[in-house]
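Hi there,

Here is the structure I promised to pass on. Have a look at it first, and my notes follow below.

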Amino acid sequence: MAAALALCGCAGFEPLYAQSGVVRNLAAIQVNAPSGRTGYLIRQQLDDAFAKDHAAAPVYSMNLSLSEARYPRGVRIDNVATRYEYVLTASYALTTIASGAVAKKGSVRVELTYDSADQPYASISAQQDAQDRAAAEAARRIQLELATWLATGAKVAAR
């Protein structure tokens, strides 16, 4: 009963993806990511997040540029790092394919830490897991930025 009363105050609330054209325009984005493991991961994550329609011709082209950095944290007495901070910065430019005009630019930054083991394979696995998590989080943030932009009256390309 209390939950029903609390939700009464949400009159006029409309979910982000219920806005007209948000889902359709997200699915019409062609993602161009740099080569390499992280580029591949973020492109796959964005294609999934946008629900990319591979059968339809894209309306937008997104060019990504990635910057990765790894900083040692938690250094032992013998000067060996036991923990690392991984920073992924993804900058994007969304252009309309028909006109070539830039529709939106943006950048997201993801920072996370991971433990480094003494065993080399465990350390590599931890670093790759950090890349996986950072790419997923960067894709989620880009998706939310673009969905918000589309829902709040962005000038969208004609189909």
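To start with a question: does Arg141 count as buried, partly exposed or exposed? Arg141 counts as partly exposed, because its relative accessibility is 31% (buried means under 20% relative accessible area, exposed over 50%, and partly exposed in between, with a 1.4 Å probe and protein chains only).

Before the rest, some housekeeping. This is a predicted model, in which local features need pLDDT of at least 70 and side-chain atom pairs count only at pLDDT 80 or more, while totals for chains, interfaces and linings use all residues. Residues are numbered from 1 along each chain as its sequence is written, and side-chain values use heavy atoms, with hydrogens and water left out.

On confidence, the protein chain has an average pLDDT of 85, and 84% of the residues score at least 70 (pLDDT is the predictor's confidence in each residue, from 0 to 100). Helix α1 (residues 2–8) has the lowest confidence, with a mean of 54, whereas helix α3 (residues 37–49) has the highest, at 96. Helices here are DSSP runs of H or I with at least four residues, and strands are runs of E with at least two, numbered from the N terminus.

Now for the charged pairs. There are 8 salt bridges in the structure (a side-chain nitrogen of Lys or Arg within 4 Å of a carboxyl oxygen of Asp or Glu). One of them links Arg141 to Glu137, with the closest N and O atoms 2.9 Å apart. Both residues sit in helix α4, 4 residues apart, or about one turn of the helix. Salt bridges with shared partners also join Glu137, Arg140 and Arg141 into one network.

Helix α4 (residues 120–151) also holds Asp129 and Arg133, again 4 residues apart. Their side chains form a salt bridge at 3.1 Å, N to O. Asp129 is partly exposed at 37% relative accessibility, and Arg133 is partly exposed at 36%.

In helix α3, Arg43 and Asp47 are about one helical turn from each other, because they are 4 residues apart. Their salt bridge has its closest N and O atoms 4.0 Å apart. Arg43 is partly exposed at 27%, whereas Asp47 is buried at 12%.

Finally, Gln45 is also in helix α3 and is partly exposed, at 33%. Leaving aside residues up to four places away in sequence, Gln45 touches Ala135, Ala136 and Ala139 (contact means heavy atoms within 4.5 Å).

Best wishes
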